[in-house]
Amino acid sequence: MSREYGETWVYESLVGGIPGLNISRPLAVALQFLIFEVGVVGLGWYYGTWDAVAAGTVAVVVAAVGSVEMHRLGAKNRLLGTPPEHKRLLFGSSIEIVLGVLAFIALVTYLFAWDVTAGPTLIDRLFGPEPPLPVVYLTLLVLWDLTYRIGTSWWSAVVALWRAVHVDLSPEERATVRRLDAENIGFSLVQLALVPFLLTEPVLLGAVVGHVLAVAIVCSAAIWLS
């Protein structure tokens, strides 16, 4: 089934829009996980930053789960008999990119500006006082991957609430969207796997837990109103 511009997440467009690259969605997610995880473990071994390997692995797993969920949400939403306004709002606006960028910039600002005023930073604790450049590069890449999927989860929740208020669906499709909204709550709960690494970072801890609660509340409202 062909998909027009504005009917996919930006992530889906990248995976499916490269000429000559025709891989399945499961393979794309598997490659994403494998490449990142090999990088995390390999750099951890080479530079001896073993304290960061566990945190990095959890971040890679959460991002991979987010990729699976993005594919599922995208495919299922495109099959709904919702008006063009819904799909344009969900996909064509690309607001998930904006939310991901804002979350990523806020995270980097915290790591390299805010956190330095409170003694040893999270970067220091994970990578030491002089983190190797390749480790920093991979860390920022994984963090962007993660924040983008978190931004997508939040935007999906907001659009789900809009859809529940403004769009009438058949009983079968109402059951479908309720499952999709429940899946989005499930993905947000997966993000709580990051909590053990943030117990000494109250700002980041509050941001992650607050996001999970917000998605759960908004999606639950959408389920109730659908």
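Modeller: A residue is called buried when its relative accessible area is under 20%, exposed when it is over 50%, and partly exposed in between (1.4 Å probe, protein chains only). The model is predicted, so local features need pLDDT of at least 70 and side-chain atom pairs count only at pLDDT 80 or more, while totals for chains, interfaces and linings use all residues. Residues are numbered from 1 along each chain as its sequence is written, and side-chain values use heavy atoms, with hydrogens and water left out.

The part I would pick is valine 208, because at a relative accessible area of 15% this residue is buried. Valine 208 sits in helix H9, which covers residues 202–225 and has the highest confidence in the chain, with a mean pLDDT of 95 (pLDDT is the predictor's confidence in each residue, from 0 to 100). Helices here are DSSP runs of H or I with at least four residues, strands are runs of E with at least two, and both are numbered from the N terminus. Once residues up to four places away in sequence are set aside, valine 208 touches Gln191 and Leu198, where contact means heavy atoms within 4.5 Å. Leucine 189 is 19 residues from valine 208 in sequence, and their C-alpha atoms are 10.0 Å apart.

Now the chain around it. Along the principal axes, the C-alpha atoms fill a box of roughly 55 × 40 × 25 Å. Of the 226 residues, 43% are buried. Among contacts between residues at least 6 apart in sequence, 80% join residues at least 24 apart.

Helix H2 gives two further positions. Glycine 39, in helix H2, is buried at a relative accessible area of 18%. Its C-alpha lies 9.5 Å from that of proline 134, a residue 95 places away in sequence. Leucine 43 is also in helix H2, which spans residues 25–47, but leucine 43 is partly exposed at 22%. Beyond residues up to four places away, leucine 43 touches Val38, Gly48, Thr49, Pro134, Val135 and Leu138. Proline 196, by contrast, is 153 residues from leucine 43 in sequence and 22 Å from it in space, C-alpha to C-alpha.

Aspartate 145 belongs to helix H7, residues 133–166. The residue is buried, with a relative accessible area of 11%.

Most residues other than glycine have a negative phi. Serine 94 has a positive phi of about 55° although it is not a glycine. Serine 94 is placed in the loop between helix H4 (84–92) and helix H5 (95–114), and is partly exposed at 23% relative accessibility.

As for confidence, the chain averages a pLDDT of 87, and 91% of the residues score at least 70. Helix H1, residues 10–17, is where confidence is lowest, at a mean of 65. Where pLDDT is low, the predicted coordinates should not be read in detail.
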